[in-house]
Amino acid sequence: MQEKPFLTFNSQMKYLRDKKKIECAGSENKTYLVKYGYFNLINAYKFPFIQGIDEYKNHIYIGGTSIENFVSLKVFDDKLRILLLQILTRLEEEIRNLVSYKLDQVNQKSLEWYDVQSYNPKKDTQDIIRIISKCFSTIDKMDNDYVLHYTDKYGKVPTWIFTKVINFSDLIDVISISKTEVIDSLCTLYNIKDTRGLNKHSLLISSLHLIRSIRNACAHNERIVFFKKPNNRTNLPFESFLTSPNRYKKSRDIVFMDLLVSLKYYLETKEYEDFINQIVSMLKILESQININSFDIIRGNLGIKKLADLDYLKNNNQKKIYYNRF
């Protein structure tokens, strides 16, 4: 395969104008290419602006598309990523603290976190050993001062360090094998229940995995507007939140909307309202900056059928988390 020839920034601008029919001229537009790079700006965000393919299999862009449109979408994606990262990392830290406390409380500190007996006896012993071993392997590779202090002085780390330093994915596995009292405490705190009012462990685990996957995408600077969860949808009770549940339950690629519904469990009313308001504000700004067809593609790709659904989620969320009862 022949490599593409090197193009100066001025040549890239000419190529966008002549070959792609994308409006791009002047020092400000050149600045965009210099700051963001052709691949990170044009290739990364071209999808919503494409209306077809010509006879030579080249993309045909919507008439009037400009480099400013790409910049507007990238800025929106960057701001969305930062907002999500702020919310999800705080929530992750909270979950880690809660699990650490509850593991020690349930086991009365008579058992260490690496003891098989510290976990649910109904779970497969080999699975418990595998998860503990994986956590041990992670801790052995850590060179943080506080980890080295405990391993050098005591030959082990306490539960609070264990839950702090392992991967979030491994922490979720730890929760899944924990004693019922540990999982129930989290479900009760966040009111994660089924239609009968019973704690729903599977929903807790699946929602945490969704939060983890999007948090990882944010941390690795991936494009959130095009994010797809590898193992598809999270099974969420949409009928509790949206007036037309079938529109969402039958959709398969609405990961972002899944996240918004999941966060109703984990955020109190004010924080959730502020969070949704920021997303709606960013979407409305983007809507004013790009072609309406392109905006509809982006909105749909996020799994939002209509912006009014976000207001519905926000206005139907009276949530109080009683941390003082934990």
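Helices (H or I, at least four residues) and strands (E, at least two) are DSSP runs, numbered from the N terminus. Counted that way, the chain has 15 helices and two strands. What you have here is a predicted model, in which local features need pLDDT of at least 70, side-chain atom pairs count only at pLDDT 80 or more, and totals for chains, interfaces and linings use all residues. Residues are numbered from 1 along each chain as its sequence is written, and side-chain values use heavy atoms, with hydrogens and water left out.

**The chain as a whole**

- Taken along the principal axes, the C-alpha atoms of the chain fill a box of roughly 75 × 50 × 35 Å.
- The chain has 326 residues, and 47% of them count as buried; buried means under 20% relative accessible area, exposed over 50%, and partly exposed in between (1.4 Å probe, protein chains only).
- If you look at contacts (heavy atoms within 4.5 Å) between residues at least 6 apart in sequence, 67% join residues at least 24 apart.

- Two packed helices are described by the angle between their axes and the distance between the axes.
- The axes here are lines fitted to C-alpha atoms, for helices over the stretch in contact, and angles run from 0 to 180 degrees between N-to-C directions.
- Helix α4 covers residues 67-107 and helix α9 covers residues 180-190; their axes come within 9 Å and cross at roughly 135 degrees.
- That angle makes α4 oblique to α9, since angles under 35 degrees count as roughly parallel, over 145 as roughly antiparallel, 65 to 115 as roughly perpendicular and the rest as oblique.
- The α4 and α9 crossing is right-handed; a crossing is right-handed if the near helix is turned clockwise from the far one by less than a right angle, and left-handed if anticlockwise.
- On the α4 side, L91, E94, I95, L98, V99, K102, L103 and V106 meet E181, V182, S185, L186, L189 and Y190 of α9.
- The residues of this α4 contact with α9 divide into ten nonpolar, one polar and three charged; Ala, Val, Leu, Ile, Met, Phe, Trp, Tyr, Cys and Pro count as nonpolar, Asp, Glu, Lys and Arg as charged, and the others, Gly among them, as polar.
- Helix α3 (residues 38-45) also packs with α4, at an angle of about 95 degrees and with the axes 10 Å apart.
- The helices α3 and α4 are therefore roughly perpendicular to each other.
- From α3, the residues N40, L41, I42 and Y45 meet I67, F70, V71, L73, K74, D77, D78 and R81 in α4.
- Sorted by class, the contact of α3 with α4 has seven nonpolar, one polar and four charged residues.

**Residues in helices**

- I131 belongs to helix α5 (residues 125-140) and is buried, with a relative accessible area of 5%.
- Not counting residues up to four places away in sequence, I131 touches D173, V174 and I177.
- I131 and F47 are 84 residues apart along the chain, and their C-alpha atoms are separated by 40 Å.
- S176 lies in helix α8 (residues 168-177) and is partly exposed, its relative accessible area being 23%.
- Leaving aside neighbours within four places in sequence, S176 is in contact with K123, I183 and I205.
- R299 is found in helix α14 (residues 292-301) and counts as buried at 15% relative accessibility.
- The R299 side chain reaches the backbone oxygen of I304 at 2.7 Å, within the cut-off for a polar contact: a pair of N or O atoms within 3.5 Å, where, within protein, one must be able to donate a hydrogen and the other to accept it, and residues adjacent in sequence count only if both atoms are side-chain atoms.
- Apart from residues up to four places away in sequence, R299 touches I304, K305, K306 and L307.

**Loop residues with positive phi**

- Most residues other than glycine have a negative phi, and most peptide bonds are trans.
- K57 has a positive phi, near 65 degrees, and sits in the loop between β1 (50-53) and β2 (59-61).
- At 72% relative accessibility, K57 is classed as exposed.
- The C-alpha atoms of K57 and V99, 42 residues apart along the chain, are 53 Å from each other.
- N221 has a positive phi too, near 60 degrees, and lies in the loop between α10 (201-219) and α11 (245-249).
- N221 counts as exposed, at 55% relative accessibility.
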